[in-house]
Amino acid sequence: MPQITTRKELHVTKSFLRYVLMALGLAFCTCTVAYGMAFGPHPHPSPEIDPGMAISALTLLAGSLAVLRIRRNK
Amino acid sequence: MNQPNGASTEVESFRSILGVRLPAHLLGRLYFLFILVAIEYLFCFGGRGTIPGQSIPGHLTFYGENTDTYGQIPIFAFLVFLGFGHFRLKVLQENISFGRILFACHLLCMAVVLAFTVAARMGLTWQLFDTYSYTKSAFYVVGTALLALACVPLESWRAAIRATGRLWLYASLAGVAGWWFGSQVRLLWGATMTAQSGIMQRATLRAVGAVLGHFLPDLVVDPATFTIGTSRYAVVIAGGCSGVEGLGLVLIFISLWLWVYRKETRFPQAFLLIPCALGCSWLLNILRLCALILIGNAGGSIAFQTGFHIQAGWIAFTVVALAFSLATQKISWMRKMPALASGNTGNLPGGGMGNIPGSSMHLLVQSGESPATRAYLLPFLAILIAATVSKLVSGYFDWLYPLRFIASAIVLWYFWPELKKINWRFGWFGPAAGVAVFLLWIAPAWFASLGWAHQPAASRLGADLASLSPLARWTWIAFRVAAAVITVPIAEELAFRGYLARRLINREFDQVSFTRLTAFSIVLSSVVFGMEHMKNLMDWQHLALGTLAGLAFAAALRWRGRMGDAVVAHAVSNLLLAAWVLGFGDWAQW
């Protein structure tokens with residue numbers, strides 16, 4: 001029985017760590033993008049990523065990925 | 001619905017509410033609720049949070065944090081709950097009702113919150129005893145609770161919690177942890193008063209200084225203001241310039257890629273690519289800043305600097321993302337057989353081959369996009385690449401516009417043996433749709449000229465063209481018109497209607513008849529087409545006009561199932577628009 005309890009505890013700890021890691025990843029991504037691309041007044045006049053170019057840049061990326069994933073004719 | 005077998009629940013997986021189809025089952029409804037809550041949070045609070053210790057006027061502050069940042073806790077927690085409870089919640093297949101009255105009350109609450117938000121953005125002060133903040137927060141909390149109950153009745157919430165055990169507790173703790181971590185991460189690039197803040201800025205400043213020190217003997221670095229440059233040209237490395245935006249985008253892209261193609265990727269080998277991609281992104285930003293300072297110091301024009309500054313970040317991100325995706329596909333150590341890994345071959349074309357021993361190579365070959373994708377997408381991608389290059393070097397006036405025409409013309413010529421199999425004939429409907437789209441497109445300008453609407457922002461294109469020699473001016477205009485009437489309609493129709501609208505129906509898009517386009521594929525491809533015509537992220541007018549134009553072109557295509565009708569409609573509208581621009585000098589339309 002003590003072994004089962006330990007396994008349970010290990011499982012709970014592992015599960016909790018998974019949740020925390022996922023939340024940390026989400027937090028990092030969202031706050032980073034929100035900081036860089038939030039609408040409204042932007043405090044930086046010359047950002048690394050210009051939101052105005054987002055759509056054409058992402059379209060180019062998505063289209064390029066689709067072409068790169070074309071299956072080979074064999 | 002009342003039948004125990006799965007057939008009826010499959011049919012009733014969506015529920016029509018006021019003409020909108022909502023997911024009928026718990027899991028779908030929870031995802032729907034999450035999307036609504038996230039969108040409303042973004043609209044009500046901007047979703048950006050603040051540096052701890054700094055307050056926003058009009059927001060409550062508890063323990064040094066604005067109330068809007070606390071909204072991230074339930075959002076993170078909810079997503080964790082959905083992510084880890086997905087399979088256990090999926091089992092609950094009972095149809096659930098939708099509380100229309102509760103939803104109406106929710107809309108009222110959100111209207112109040114939005115009114116407060118708009119008032120604050122307009123600079124209206126209404127903060128007697130800070131009641132404004134309390135009121136807004138209270139309405140937001142009540143409104144969100146009403147939404148949650150409208151989408152998922154109380155009984156279904158209880159069932160969800162019963163099915164997922166203590167997940168709600170772990171998700172809540174994870175939400176708090178995520179929120180706290182996020183607030184600490186922001187300190188990395190915020191130039192605030194705390195000792196640990198601005199780490200990214202300092203690191204970038206030092207790296208740029210180390211590189212430029214070899215080229216510029218008179219380099220001046222001021223760590224106090226994050227300024228670096230020479231007496232002729234200097235830049236301030238603000239938080240947004242420190243590389244953190246690229247890191248965030250790359251991280252999101254990698255996460256999505258690894259999740260979507262998890263069955264084709266070997267783990268944990270693929271995780272090694274994450275630090276490589278992040279490192280490349282950061283280094284490319286260093287190079288971008290170095291190049292910018294070198295260009296400015298060498299006397300580069302403001303227009304060139306502007307174009308370079310705007311484009312370089314996106315180019316760097318695109319390069320890193322493509323390199324990452326190529327690495328996961330081409331390095332065999334990180335790639336595994338997709339169909340063999342999933343063990344499911346039913347959805348693959350020629351399904352059943354997977355059951356034949358020794359057919360693994362065939363399955364791998366069959367897992368990608370259709371080979372026809374090249375001919376349909378590359379003409380449009382050529383335009384986008386040429387536009388990126390021309391904007392990179394030209395700044396405000398796109399003097400390299402002819403490059404777009406030439407690039408797409410070459411690609412169309414190259415793929416013409418394949419493209420000529422398409423039905424390019426057209427009837428009366430194509431030109432008629434083109435005239436209708438043209439009238440729709442100029443309607444706002446026409447209303448503005450009559451004083452019925454706001455005047456659009458003035459365009460400097462006319463002045464830029466006037467400054468050119470007559471030969472250069474008319475050459476530019478000739479290429480602009482030729483592109484608008486010939487290459488752009490063909491390339492865009494191939495990409496949006498020929499590829500995207502059909503790809504949304506089936507991976508083997510070239511086997512889908514144009515007459516079989518669905519309402520969903522037409523609307524979604526038209527919205528993407530409209531987004532492509534937005535001049536900035538807030539350009540709702542061109543989003544709406546582009547979407548309507550896309551719908552009209554799709555209708556022309558579907559009418560007789562001929563690509564020629566859509567292309568002619570597009571070409572006619574662009575031709576009339578060019579005539580309008582040249583005839584009336586309405587350069588803002590270009």
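User: In this predicted model, in which segment of chain B is Gly585(B) placed, and is Gly585(B) buried or exposed?
Analyst: Gly585(B) is in the segment after helix H22 (563-584) of chain B. Within 10 Å there are 11 other C-beta atoms, and a residue with 12 or fewer counts as exposed. Gly585(B), in the segment after H22, is therefore exposed.

User: How far apart in space are Gly585(B) and Gly462(B), C-alpha to C-alpha?
Analyst: In sequence, Gly585(B) and Gly462(B) are separated by 123 residues. In space, their C-alpha to C-alpha separation is 7.4 Å.

User: At what angle do H19(B) and H22(B) pack, and what is the hand of the crossing?
Analyst: The axes of H19(B) and H22(B) are 8 Å apart. Their packing angle is about 145°. The hand of the crossing of H19(B) and H22(B) is right-handed.

User: How do the residues of the contact of H19(B) with H22(B) divide into nonpolar, polar and charged?
Analyst: On H19(B) the contact includes Val481(B), Ala484(B), Glu492(B), Glu493(B) and Arg497(B). On H22(B) the residues include Met563(B), His570(B), Asn574(B) and Leu575(B). By class, the contact of H19(B) with H22(B) divides into 12 nonpolar, 3 polar and 3 charged residues.

User: Which term describes the packing of helix H15 of chain B with helix H19 of chain B?
Analyst: Helix H15 (residues 373-394) of chain B and helix H19 (residues 470-503) of chain B have axes 8 Å apart and an angle of about 130°. An angle of 65 to 115 degrees would count as roughly perpendicular and one over 145 as roughly antiparallel. The angle of H15(B) to H19(B) therefore makes the pair oblique.

User: How many nonpolar, polar and charged residues are in the contact of H15(B) with H19(B)?
Analyst: H15(B) passes H19(B) in a left-handed crossing. Thr373(B), Tyr376(B) and Phe380(B) are among the residues of H15(B) that take part, and Val488(B), Glu492(B) and Gly498(B) are among those of H19(B). The contact of H15(B) with H19(B) comprises 11 nonpolar, 2 polar and 1 charged.

User: Which term describes the orientation of H4(B) to H7(B)?
Analyst: Helix H4 (residues 72-90) of chain B and helix H7 (residues 154-164) of chain B have axes that come within 9 Å. The axes cross at roughly 105°, and angles of 65 to 115 degrees count as roughly perpendicular. H4(B) to H7(B) is therefore roughly perpendicular.

User: Which residues of H7(B) make the contact with H4(B)?
Analyst: By class, the contact of H4(B) with H7(B) has 3 nonpolar, 2 polar and 1 charged residues. H4(B) contributes Gly85(B), Arg88(B) and Leu89(B). The residues of H7(B) are Ala160(B), Ala163(B) and Thr164(B).

User: What is the phi of Phe226(B), and is Phe226(B) buried or exposed?
Analyst: Phe226(B) lies in the loop between strand S5 (220-222) and strand S6 (227-229) of chain B. Most residues other than glycine have a negative phi. Phi of Phe226(B) is positive, near 55°. Because it has 20 C-beta neighbours inside 10 Å, Phe226(B) counts as buried.

User: What is the omega of the peptide bond from Phe267(B) to Pro268(B)?
Analyst: Pro268(B) is in the loop between helix H10 (244-260) and helix H11 (273-297) of chain B. Most peptide bonds are trans. The bond from Phe267(B) to Pro268(B) is cis, with omega near 10°.

User: What is the mean pLDDT of chain A?
Analyst: Chain A has 2 helices and 0 strands, and 28% of its 74 residues count as buried. A pLDDT of 70 or more is reached by 32% of the residues of chain A, and the mean is 65.

How values were computed:
Residues numbered from 1 in each chain as written. Chains lettered and ligands numbered in written order. Predicted model: local features only at pLDDT ≥ 70, side-chain atom pairs only at ≥ 80, totals over all residues. Axes fitted to C-alpha atoms, helices over the stretch in contact; angles between N-to-C directions. Helix = DSSP H or I, 4+ residues; strand = E, 2+ residues; numbered from the N terminus. Parallel < 35°, antiparallel > 145°, perpendicular 65-115°, else oblique. Left-handed = near helix turned anticlockwise from the far one by under 90°. Contact = placed C-beta atoms within 7 Å. Nonpolar A, V, L, I, M, F, W, Y, C, P; charged D, E, K, R; others polar. pLDDT = per-residue confidence, 0-100.
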